[in-house]
Amino acid sequence: MKTLTKLFSKYLAFTVLLVAVIAAGSIVYGQTQTSSGGNGRLMVYGDTVFFIGPGIPGSCSHSSEFKHGDNIGFRMTAINPETGKRDRATQLVVHITYGGKTVDLPMHDRQNDRQPEREFWIAKWPVPGDATTGIVRYTVTAKDPQGRTGEYKPFDVNESQITIVAERTQITQTPVK
């Protein structure tokens, strides 16, 4: 009889624990689903590229090094995490800080009837002659019509930042043997 009671006690304890875990998971899941309730933050991400011109080799190629006179292209998107989609009415702004001042560049939606696959926003910043060589900090903020906001900041690693250079370095790689 003692063995049966011990077995029953262990089974009962396991069942209670399992029910508690399931209930706790449901509560956490429910809170996650309802807590944002339209107030969630937008996911903002993108890249920086050379904006040379359509059809010109090297245009839209990725870079973090730019020289004076280069056109830096910012390509970003903002996704509503609740729907997994973007709202074309969302407003994105690039904030570039250099030489003790901040320049705000409103972005515009790149998607159009001829190119519906381009689901991102763009802005162009010609590197001015007065920009000193070195790192230029930037962030991108987004706000959708429902009031959700989001922000993009590059990794806080110097190589991830936009860098104004006198001459671009040629990157070479040692062949893998």
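## Salt bridges, strands and rings: worked exercises

Asp 47 is buried, with a relative accessible area of 18%. Here buried means under 20% relative accessible area, exposed means over 50%, and partly exposed lies in between (1.4 Å probe, protein chains only). The model is predicted, so local features need pLDDT of at least 70 and side-chain atom pairs count only at pLDDT 80 or more, while totals for chains, interfaces and linings use all residues. Residues are numbered from 1 along each chain as its sequence is written, and side-chain values use heavy atoms, with hydrogens and water left out.

**Exercise 1. Describe the overall build of the chain.**

Step 1: count the elements. There are 1 helix and 10 strands. Both are DSSP runs numbered from the N terminus: helices (H or I) have at least four residues, strands (E) at least two.

Step 2: read their order. Along the sequence the pattern is α-β-β-β-β-β-β-β-β-β-β.

Step 3: check burial. Of the 177 residues, 32% count as buried.

Step 4: check contact range. Among contacts with a separation of 6 or more, 64% are between residues 24 or more positions apart. A contact means heavy atoms within 4.5 Å.

**Exercise 2. Which residues are linked with Arg 86 in a network of salt bridges?**

Step 1: take one pair. Arg 86 and Asp 109 form a salt bridge, with the closest N and O atoms 2.7 Å apart. Asp 109 is in strand E6 (residues 108–109) and Arg 86 in the loop between E3 and strand E4 (91–98), so the bridge ties together parts 23 residues apart in sequence.

Step 2: Arg 86, Arg 88 and Asp 109 are linked in a network of salt bridges.

Step 3: check burial. Asp 109 is buried at 19% relative accessible area. Arg 86 counts as buried at 15%.

Step 4: look for a ring. The charged end of Arg 86 sits over Trp 121, 4.5 Å from the ring centre.

**Exercise 3. Trace the partners of strand E4.**

Step 1: E4 to E8. These strands run antiparallel and are joined by 7 bridges. Two strands pair if DSSP finds at least two bridges between them. Ile 96 stands opposite Tyr 138 in E8.

Step 2: E4 to E5. Strand E5 (residues 101–106) pairs with E4 in the antiparallel sense over 6 bridges. Thr 97 has Thr 102 in E5 as its bridge partner.

Step 3: inspect the turn. The hairpin of E4 and E5 has 2 residues between the strands, and Gly 99 there takes a positive phi near 55 degrees.

**Exercise 4. How are the rings of Tyr 138 and Tyr 152 arranged?**

Step 1: count. The structure holds 4 aromatic pairs. Tyr 138 and Tyr 152 form a tilted one, with 6.3 Å centre to centre and 40 degrees between the planes. Tyr 138 sits in strand E8 and Tyr 152 in strand E9, 14 residues apart.

Step 2: apply the cut-offs. Rings of Phe, Tyr and Trp (its six-membered ring) pair if their centres lie within 6.5 Å; planes under 30 degrees apart are stacked, over 60 edge-to-face, the rest tilted.

Step 3: check burial. Tyr 138 is buried at 7% relative accessibility, and Tyr 152 is buried at 18%.

Step 4: widen the view. Phe 74, Tyr 138 and Tyr 152 form one aromatic cluster.

Terms used. A salt bridge is a side-chain nitrogen of Lys or Arg within 4 Å of a carboxyl oxygen of Asp or Glu. A charge sits over a ring if NZ of Lys or CZ of Arg is within 6 Å of the ring centre and within 35 degrees of the ring normal.
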